[in-house]
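Dear colleague,

Please find below the structure I am handing over to you. My notes on its aromatic residues follow.

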Amino acid sequence: MGIESSSPQINALRLEVENKFGKKCEVPADFIALGDRIREFLKQNISPSTLERVWNYSTRRQTSLSMHTLNILCEYTGKKDWTTFCKSLNESGIIDSDMVEGEYISVNSLSVGDRIEIGWLPNRKCVIEYLGDNKFVAMDCENSTIRPGDTFHCLEFILHQPVNMDYFQKKGEKSNNNIRYVAGKMNGITTLRKL
């Protein structure tokens, strides 16, 4: 499976490669020279047409990049491979946006009365019921500050992403529209299933 050339990580990789190369890659001669430099430095071949695809310069409309290509470019920048490069980006906080993939539940797919179980680290678990108009009520909770009867608004739940519970209200307490509870703030939710 390839990585899309439009991803934020690829943009960061292009910048690091150009930094090491010492110039921006903007014309066909730049991609030829970069390919030659990588061949000298790593003793590995990468064609100018492949490099053009990485920089979205190609007219062939191919936007998916192979892991082999990405590993070579990452090695050229001094990183072991693509995985190491992405990990260093995440740790540095440079990437502030990304495409999100994975299981999710949108309120548009729910009917009043539907129940969802969510869980997050270290051992939190809540079963919530959809009340309509983007509103949920906690039904059963374990090891959490959320208690049965607490309500909140939410538009979607995405596995491995934090859940923003807007207009969070404790059962029996006066409404305060400024409270937001975030479940799985650091690591996202680890459990997501419709019951």
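Are phenylalanine 136 and phenylalanine 157 buried or exposed? Phenylalanine 136 is buried, as is phenylalanine 157, where buried means under 20% relative accessible area, exposed over 50% and partly exposed in between (1.4 Å probe, protein chains only).

The model is predicted, so local features need pLDDT of at least 70 and side-chain atom pairs count only at pLDDT 80 or more, while totals for chains, interfaces and linings use all residues. Residues are numbered from 1 along each chain as its sequence is written, and side-chain values use heavy atoms, with hydrogens and water left out.

Rings of Phe, Tyr and Trp (its six-membered ring) are taken as a pair if their centres lie within 6.5 Å; planes under 30 degrees apart count as stacked, over 60 as edge-to-face and the rest as tilted. The count by this rule is 7 aromatic pairs. In one of them, tryptophan 82 and phenylalanine 85 are stacked, because their ring centres are 6.0 Å apart and their planes at 25°. Tryptophan 82 counts as buried at 8% relative accessibility, and phenylalanine 85 counts as buried at 0%.

Phenylalanine 136 and phenylalanine 157 make an edge-to-face pair, with 5.2 Å from centre to centre and 90° between the planes. Tyr130, Phe136, Phe152 and Phe157 form one aromatic cluster.

Finally, lysine 20 lies over the face of tyrosine 76, 5.7 Å from the ring centre; a charge sits over a ring if NZ of Lys or CZ of Arg is within 6 Å of the ring centre and within 35 degrees of the ring normal.

Yours sincerely
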